[in-house]
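Thanks for coming, everyone. I'll keep this brief. Please have a look at the structure as it comes up.

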Amino acid sequence: MEDCLEWITVDGDLLRGTQMHYEIEDNVLLFFVNYDLFVFKEQEEEAMEELTLDQSDTR
């Protein structure tokens, strides 16, 4: 199992799995692996609401 999941391809790039381990729980094999990567998410630009500024001198 480790050989299959050590390297995976995501969008044409290879990712290496780390911290691989397994557990058997209720006769079911659970295999855990971490794939560390950065995801860049574009944020929608929200327009600022209108702001009125009072610059009168209050001295």
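**Contacts, shape and surface**

Let's start with contacts. Take those between residues at least 6 apart in sequence: in this protein, 18% of them join residues at least 24 apart. Keep in mind that this is a predicted model.

Next, the overall layout. There is 1 helix, and there are 4 strands. Along the sequence the pattern reads α-β-β-β-β.

Now the dimensions. What is the radius of gyration of the protein? It is 26 Å, whereas a compact globule of 59 residues would come in near 10 Å. Along the principal axes, the C-alpha atoms fill a box of roughly 80 × 35 × 20 Å.

How much is buried? Of the 59 residues, 3% count as buried. The protein exposes about 6,600 Å². Carbon and sulfur atoms supply 48% of that area.

On to strand β3, which covers residues 18-25. Tyr22 sits in this strand. Tyr22 is exposed, because its relative accessible area is 56% and the cut-off for exposed is over 50%. Tyr22 also belongs to a nonpolar surface patch, together with Met1, Ile24 and Leu29. Together, these four have about 480 Å² of accessible area.

Gln19 is in strand β3 too. Its phi is positive, about 50 degrees, although Gln19 is not a glycine. Gln19 is exposed, at 62% relative accessible area.

Last stop: the loop between β3 and β4, where we find Asp26. Asp26 is exposed, with a relative accessible area of 73%.

Key. Residues are numbered from 1 along each chain as its sequence is written. This is a predicted model: local features need pLDDT of at least 70, side-chain atom pairs count only at pLDDT 80 or more; totals for chains, interfaces and linings use all residues. Side-chain values use heavy atoms; hydrogens and water are left out. Patches are made of residues with over 30% relative accessible area and no salt bridge: like charges are joined within 9 Å, nonpolar side chains (Val, Leu, Ile, Met, Phe, Trp, Tyr) within 5 Å. Accessible areas come from the Shrake-Rupley method with a 1.4 Å probe; for residues, only the protein chains shown count as cover. A salt bridge is a side-chain nitrogen of Lys or Arg within 4 Å of a carboxyl oxygen of Asp or Glu. Helices (H or I, at least four residues) and strands (E, at least two) are DSSP runs, numbered from the N terminus. Buried means under 20% relative accessible area, exposed over 50%, partly exposed in between (1.4 Å probe, protein chains only). The radius of gyration is taken over C-alpha atoms; the globule rule is 2.2 Å times the number of residues to the power 0.38. Contact means heavy atoms within 4.5 Å.
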